[in-house]
Amino acid sequence: MPAAALGALLVPSALLTAGCSVTGQTGPTPPSPSGRAAKVCRALHDALPARVDGQRRGEADPASDYTAVWGDPAIELRCGVPRPAKLTPGDEEYNPTADAAEVNGVSWLIEKQDGGYRFTTTDRVANVELTVPDDYAPEAEALADLSDPVRRTVPKRQL
């Protein structure tokens, strides 16, 4: 078969394949941790459970060692995010009495958002953020499945 004819067959095939792979959904934006935070985030990624709050782990898009998703709508985890403004002295949003909960030895900042909650670790060398849609109310239940891997792989920050 001539190369031009083969190319003509491959282009529509590639377009068809690309069309089938588009889901219209995107995963969480991967953070860009460096140094020790990047290392512990990769360790956390390897230790994450297959299920969170009964939801099966999916493939984050874009794929990253710093993100993970479960269910649809997605429960989204990001590791290596910046410290939340509510926990940063000097930031105008700083709130030393912000709501937090300890689950299995891990402290999580609790922030209500449109459509769900965001939970962020408060005392770890890498900040881990979990966004849970209202569909999974009570949203804090997801923390029970993730606190143990966080505690094992992301050490506490030395004060």
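These notebook entries record what I looked up in a predicted protein model.

**Basis.** I number residues from 1 along each chain as its sequence is written. As the model is predicted, local features need pLDDT of at least 70 and side-chain atom pairs count only at pLDDT 80 or more, while totals for chains, interfaces and linings use all residues; side-chain values use heavy atoms, with hydrogens and water left out.

**Confidence.** I looked up pLDDT, the predictor's confidence in each residue, from 0 to 100. The protein has a mean of 86, and 83% of its residues reach 70 or more. Over residues 1–24 pLDDT stays under 50. For that stretch I note 2 contacts beyond four places in sequence, a contact being heavy atoms within 4.5 Å.

**Strand β4.** I take helices (H or I, at least four residues) and strands (E, at least two) as DSSP runs, numbered from the N terminus. I count two strands as paired if DSSP finds at least two bridges between them. β4 pairs with β3 (residues 67–70) in the antiparallel sense over 4 bridges, and with β8 (residues 127–133), also antiparallel, over 5 bridges. E76 has V69 as a bridge partner and T131 as its partner in β8. The β3–β4 hairpin has 4 residues between its strands, and G71 in the turn has a positive phi of about 75°.

I located P96 in the loop between β4 and β5 (100–103). P96 is exposed, at 64% relative accessibility. Its C-alpha lies 7.3 Å from that of K86, 10 residues apart in sequence.

**Helix α3.** T153 belongs to α3 (residues 141–153) and is buried, with 17% relative accessible area. Beyond four places in sequence, T153 touches V40, A43, L44 and A47. A polar atom of the T153 side chain lies 2.7 Å from the backbone oxygen of P149.

**Salt bridges.** I searched the whole structure and found 5, each a side-chain nitrogen of Lys or Arg within 4 Å of a carboxyl oxygen of Asp or Glu. Among them, E111 and R118 meet at 3.1 Å, N to O; E111 is buried at 10%, and R118 is partly exposed at 25%. D134 and K112 meet at 3.3 Å. D134 lies in the loop between β8 and α3 and K112 in strand β6 (residues 106–113), so this pair ties together parts 22 residues apart in sequence. R124 and D123 have their closest N and O atoms 3.5 Å apart, and R124 is buried at 2%.

How values were computed: Buried means under 20% relative accessible area, exposed over 50%, partly exposed in between (1.4 Å probe, protein chains only). A polar contact is a pair of N or O atoms within 3.5 Å; within protein, one must be able to donate a hydrogen and the other to accept it, and residues adjacent in sequence count only if both atoms are side-chain atoms.
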